[in-house]
Amino acid sequence: MAKIITKNLNLWYGGFHALKDINSSFEANRITAIIGPSGCGKSTLLRVFNRMNDLIDGVRTDGEVLIEDTNILNSQTDLVVLRKKVGMVFQRPNPFPLSIYENIVFAEKIHGEGVTRDKLDEIVETSLKGVLLWEELKDKLNEPALKLSLEEKQRLCIARLIAVKPDVLLMDEPCSSLDPQATARVEELMRELKNKYTIIIVTHNMQQAARVSDDTGFMLLGELIEFGKTEEIFTAPGDRRTEDYITGRYG
Amino acid sequence: MKNPYRTQNIAFFFLFLATLLIIIPVGLIVVVIIQKGLPAINWQFLSDIPRQGMRAGGILPAIIGTLYLVTGAIIFALPIGLLSAIYLSEYAKDNMLTRIIKLAIVNLAGVPSVVYGLFGLALFVVFLKFGASILSGSLTLGIMILPVIITASSEALESVPYSFREVSLSLGASKWQTTRHIVLPNALPGILTGTILGLGRAAGETAPILFTVAAFYLPQLPKSIFDQAMALPYHLYVISTQVPNVDEKVRYGTALVLLTLVLFMNLVAIIIRYKFRKNKKW
């Protein structure tokens with residue numbers, strides 16, 4: 001089932017045409033990787049889905065992005081609702097300078113008036129279990145989140161995100177600041193999470209895309225060159241440019 | 001052959017000397033004032049009204065007056081300054097109006113304090129008919145420290161990493177919730193520091209209160225914000241130049257109290273900043 005569909009999506013930063021006629025379809029409960037060299041527009045595409053590009057002055061989009069049949073580029077879209085549904089994990093682990101507990105309940109606290117302590121405790125427990133951190137952290141929930149290791153921080157950020165109960169997880173190079181072992185464990189977590197969520201990951205690490213994703217899109221200079229099953233993209237690319245990129249002729 | 005280390009050492013020596021010279025005036029001021037003023041400090045000096053034409057007794061009305069003025073200035077200037085800082089750093093787009101506002105703030109900071117005094121006289125004392133009163137003086141001092149508070153608060157807000165705002169928004173928080181729950185708490189120490197430095201300045205200024213509040217001599221404490229009041233800097237000016245035969249130690253004692261008050265405020269600001277730096281983790 002297609003969760004997100006883009007139709008003739010174009011985006012400009014002022015005069016710069018950053019996304020050109022993107023037509024794609026992202027499936028629910030699968031991991032879709034978007035790969036491509038730096039500056040190809042992959043992060044920009046990711047940030048269309050939760051409208052984070054709105055924060056930048058002079059951005060203009062046209063075309064359609066349908067999430068469950070609703071065009072989110074519509075000016076009436078409630079960004080608060082959209083962003084609760086489509087969450088984002090960033091390149092650098094970025095917990096707030098609060099305790100582990102407070103990080104996870106942050107969104108719940110500002111959205112829900114008078115949520116009971118029991119309810120919050122429950123959210124913390126489920127979210128941390130969801131990212132396989134509960135056993136390690138259950139006795140130090142009140143310690144500052146900034147004391148954790150990079151990997152734990154990134155897991156905590158994912159926990160903070162799934163506490164909001166999103167449908168879609170957008171991951172913008174989530175492992176780029178982690179060491180190989182931590183990367184492997186976070187990838188393992190992603191495979192676990194795809195049972196519940198639709199995951200789109202942007203990465204410039206091709207091996208990671210090959211390891212973790214079900215579908216892959218290859219972007220170059222703002223165009224989506226090729227989109228399909230990961231196996232096919234990596235073993236029998238249909239486009240010369242995809243093949244050149246994957247075999248490392250440029251990148 | 002020239003020895004490069006020798007010229008370097010000579011250069012270092014002069015650089016160090018120039019820096020060392022900064023300590024001398026500060027040290028001398030503090031030493032002289034403590035030396036000459038300390039003998040005057042006793043309980044009566046701090047708790048009694050001035051007597052014998054201000055040649056004896058204490059300076060309580062001036063201390064209380066200054067505290068009233070500083071409090072009034074902060075009640076007025078902190079909310080306005082903080083709210084405009086939030087607007088400028090979080091909401092304002094970079095357009096003509098914003099640039100004009102920022103230019104106005106810079107200029108406001110450069111206005112000589114005596115001009116604030118005249119402005120306060122014209123607006124608050126005469127036009128709004130507040131008379132020479134604590135209210136007029138506080139408002140005048142408040143306007144004077146506004147640019148300090150706005151600048152310090154803007155800097156504090158802008159030093160909060162952009163990624164915090166980004167994450168908060170991406171979790172579905174509105175812009176205001178992000179400002180209120182994430183940006184503001186992390187900027188608070190910087191805002192407080194700026195505010196206290198502004199207060200220190202307000203406590204020490206004479207010119208803005210000259211026409212708006214300061215009384216030459218008042219034997220009782222002010223009863224309402226519409227009363228005139230004595231204030232430490234003006235009192236110091238009066239007993240130093242307007243009243244003959246005031247004992248030197250009374251003058252220096254008054255200066256010492258004023259200096260202590262201002263240095264104490266600065267010290268609080270330094271401690272807040274230090275504690276925050278130590279706990280700052282990003």
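Here are some worked exercises on a predicted two-chain model, with chains A and B.

Residues are numbered from 1 along each chain as its sequence is written, and chains are lettered from A in the order in which they are written. Because the model is predicted, local features need pLDDT of at least 70 and side-chain atom pairs count only at pLDDT 80 or more, while totals for chains, interfaces and linings use all residues; side-chain values use heavy atoms, without hydrogens and water.

**Exercise 1. Describe the interface between chain A and chain B.**

Step 1: start with the contacts, meaning heavy atoms within 4.5 Å. Chain A brings 23 residues and chain B brings 19.

Step 2: turn to buried area, the accessible area (1.4 Å probe) that two parts lose on being put together, summed over both. It is about 1,800 Å² here, and carbon and sulfur atoms give 70% of it. Phe96(A), Pro97(A) and Ile110(A) supply 28% of the area that chain A buries against chain B, more than any other three residues.

Step 3: look for charged pairs. A salt bridge needs a side-chain nitrogen of Lys or Arg within 4 Å of a carboxyl oxygen of Asp or Glu. The count between the two chains is 1: Arg47(A) pairs with Glu166(B), with the closest N and O atoms 3.0 Å apart.

Step 4: At least two residues each come from α2 (79-85), β6 (86-89), α3 (100-111) and α6 (150-162) of chain A. Of these, α3(A) gives the most, with 4 residues.

Step 5: sort that side by residue type. It divides into 15 nonpolar, 3 polar and 5 charged residues. Here Ala, Val, Leu, Ile, Met, Phe, Trp, Tyr, Cys and Pro count as nonpolar, Asp, Glu, Lys and Arg as charged, and the others, Gly among them, as polar.

**Exercise 2. Find the residues with the most contacts inside the largest nonpolar core.**

Step 1: Buried means under 20% relative accessible area, exposed over 50%, and partly exposed in between (1.4 Å probe, protein chains only). A nonpolar core is a set of buried Ala, Val, Leu, Ile, Met, Phe, Trp, Tyr and Cys residues joined through side-chain atoms within 4.5 Å.

Step 2: read off the core. The largest has 142 residues, and those with the most contacts inside it are Phe49(A), Val65(A), Ile104(A), Leu128(A) and Ile145(B).

Step 3: Leaving aside neighbours within four places in sequence, its contacts include Ile4(A), Phe26(A), Val65(A), Leu82(A) and Ile200(A).

**Exercise 3. Are the partners in the Glu90(B)–Arg165(B) salt bridge buried or exposed?**

Step 1: check the pair. The closest N and O atoms of Glu90(B) and Arg165(B) are 2.8 Å apart.

Step 2: Glu90(B) lies in helix α3 (residues 60-91) of chain B and Arg165(B) in helix α7 (residues 162-170) of chain B, so the pair links distant parts of the chain, 75 residues apart.

Step 3: check accessibility. Glu90(B) is buried at 9%, and Arg165(B) is buried at 12%.

Step 4: Lys109(A) and Glu102(A) form a salt bridge with the closest N and O atoms 3.1 Å apart; Lys109(A) is partly exposed at 42%, and Glu102(A) is partly exposed at 26%.
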